[in-house]
Amino acid sequence: MERRAFLTTAAIGAATAAAGVSVPAMAQGKKAVIGVSIPSATHGFMGGLNWHAQETIKRLKATYPNLEFVLATAGAVGKQVNDIEDMVATRNIDALVVLPFESEPLTSPVKAVKDAGKWVTVVDRGLSQPGIEDLYVAGDNTAFGRVSGEYFKANLKPGAKIVVLRGIPTTLDNERVEAFQAAIAGSGIEILDMQHGNWNRDKAFQVMQDYLSKHKQIDAVWAADDDMAIGVMEAIAQAGRQKEMWIVGGAGMKEIIKRVMDKDPQVPVDVSYTPAQISTALEVTALRFVSDTPVYGRFIIGSTLITAENAAQFYFPNSPF
Amino acid sequence: MSDAVIQSAAGRRLPSLSALGPLLALILLVVLGASLNDNFLSAGNVTNVLARSAFIGMIAVGMTFVITSGGLDLSVGSMAAFIAGVMILGMNALLPAMGVGVPLVLAGMGIALGVGLLAGLGNGLLVTKARIEPFIVTLGTMGIFRSLVTWLADGGTISLDFGVRQLYRPVYYSGLFGIAWPIIVFAIVAIAGQVAMRHTRFGRYCEAIGSNDKVALYSAVNVERIRLLTYVLLGLLVGLATIMYVPRLGSASGSTGMLWELEAIAAVIIGGTALKGGYGRVWGTVVGVLILSLIDNILILADLVSPYLNGTIQGVIIVFAVVLQRGKSSSA
């Protein structure tokens, strides 16, 4: 965590230095400063999100010389609040792109930014009070569950038996699971078991081992997350039951996308919930400052089924996720 | 109970009724599991439970010595993640030079033990030489190791090269005479730990230091050296646990080994070692580890309660297991 913070500080320092050099050269146009505040890379998904944020900022800086970015990553709620206050106080930002660590505690600090007349883009996790943000960019958890469920319904016969791994108990996880159950309703597919794998490989490995001891027949697994899918596959391999069942994960981890591309029968499809949504938020926010394009409103990124045919467009071999 | 302690100091201790508490809890759990699900006692399930206990188990055996001598180590989970990360990166880096082969895997194991030793030495020196409270030292190193592995992984996952993985995989998944390697290694560590605690000078010194370090010092025990050794031993055992862990999934990330430290400490206490030091029971620790693994296993096999309540059941059983063993000794 500390190392990340150090790197961030260094990045801000570098940005300041770069700005100092380029300001005289850029005297012709007004410069806009966009502050970006996101959680630090504590797990795979956030690692991917951090990577996409950095890549997008690099690209936007090259494309639009009058845009400047301040990126801060926070490992805790309090740190994120401080980051945002610092951005307003010392960097005089024109816009804030924020992925709130938690909704409640971030609501009033972000509102203060808005009240100061800045543009606010909120990503992925909404604030607890509506109407603060100018632009909201997020993935679609209901669609994530629904798209997965529809694939199960279309590809399993009535009477088929499946097991489900859930994430960390949260609203987000509930939305996904409810949508999944609604999508398979009436299909005759039986859910044998639903336990929490906490979006963690090791935990998913153990839960799947126990499922395999408990159930003689399993036709498919909804692992609901690519990290969990990897643990699940390893447990299935240990039991030597690879031929009996297929697995659907979710999110879009490069290793899993690669398997879908290579037509691995064990992983026929994946469902997207992309950490690249931060790129969408940054690009669209940038448009606000370089053109007259209207960009206020809500931008919900669909969760789509990734198949062997379209996998290439979801494959980022350089991303850590 | 004071009689038992005196006997234990003489190394001739017979298990008293309350010492059998955790064992009783373990037997009850096994009976419960067997009655709830036919597959509970199947070879596959028993192997799964024992093999997954092995990582925490080896760490908990080392933790028993640290706690017995009055110390504590909160960093072991993060340390395991860090060692796994360094080990995988090291093996990937050595791959072009050494090629896929047994020497490469042995080099990886060497790295794991080496890093574990250094990490344990670091903790131990900070506790003994810098004289900082073990809780604070290891809370600090816990954060350091955790963030280092996240940094090494660039926030993602460090994965072992596929070819090496195939070669290394049997270290977790295969075994000798049908017994998986992690179980064999865990058994050896546990027996060696039990012997070291009960029948060697090192074990007796640990107990002496934990019950009163001043008296131990005046009795010509090199208190600092023994304390340092307990942390080094624990670091080595974390390295050994990592050697068995890496072939399982072939990867390490910021979330590897999360909360292992608490599971290991809980196992030690359930097993009857005193949290304040002075008395250690290695076989009890092994029973404690098995209790923790079995609870998880039974909850999933049996569908007894909503998964939201799994933590509650775990908590109740942990407290119950400790009550069983402390019931009679609370007045002593």
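Modeller: Two residues count as in contact if their C-beta atoms, placed from the backbone, lie within 7 Å. This is a predicted model, and on that criterion 29 residues of chain B are in contact with 32 residues of chain A. On the chain B side, α3 (43-68), α6 (134-152), α12 (223-249), β4 and α14 (282-302) each supply at least two of the residues that touch chain A. The largest share, 5 residues, comes from α6(B). By type, the residues on this side of chain B divide into 9 nonpolar, 17 polar and 3 charged.

The helix to examine is α2 of chain A, residues 44-63. It has 20 residues and reaches 29 Å from its first C-alpha to its last, close to the 28 Å expected at 1.5 Å a residue. The buried residues of α2(A) are G44(A), F45(A), M46(A), G47(A), G48(A), L49(A), N50(A), W51(A), H52(A), A53(A), T56(A) and I57(A). A residue is called buried here if 20 or more other C-beta atoms lie within 10 Å of its own.

Both chains take part in covering these residues. From chain A, the cover includes β1 (32-39), β2 (67-74), α8 (226-239) and α10 (277-290). From chain B, it includes β1 (157-159) and β4 (251-253). The β4 of chain B is also one of the elements that supply at least two residues to the side touching chain A.

The two chain A strands in that cover, β1(A) and β2(A), pair in the parallel sense over 8 bridges. In β2(A), V70(A) is the bridge partner of G35(A). Both strands belong to an open sheet of 6 strands in chain A, ordered β2-β1-β3-β4-β5-β11, with parallel pairing. Because β2 and β11 (297-301) of chain A stand at the edges with a single partner strand each, one side of each is left without a neighbour in the sheet. From one strand to the next, the twist averages 15°.

As for the chain that holds the helix, chain A has 10 helices and 12 strands. Buried residues make up 49% of its 321 residues. Among contacts in chain A between residues at least 6 apart in sequence, 75% join residues at least 24 apart. The C-alpha trace of chain A spans about 70 × 35 × 35 Å along its principal axes.

Methods:
Residues are numbered from 1 along each chain as its sequence is written. Chains are lettered from A and ligands numbered from 1 in the order in which they are written. This is a predicted model: local features need pLDDT of at least 70, side-chain atom pairs count only at pLDDT 80 or more; totals for chains, interfaces and linings use all residues. Helices (H or I, at least four residues) and strands (E, at least two) are DSSP runs, numbered from the N terminus. The expected span of a helix is 1.5 Å times one less than its number of residues. A residue is buried if 20 or more other C-beta atoms lie within 10 Å of its own, exposed if 12 or fewer, and partly exposed in between; C-beta atoms are placed from the backbone. Two strands pair if DSSP finds at least two bridges between them. Axes are lines fitted to C-alpha atoms, for helices over the stretch in contact, and angles run from 0 to 180 degrees between N-to-C directions. Ala, Val, Leu, Ile, Met, Phe, Trp, Tyr, Cys and Pro count as nonpolar, Asp, Glu, Lys and Arg as charged, and the others, Gly among them, as polar.
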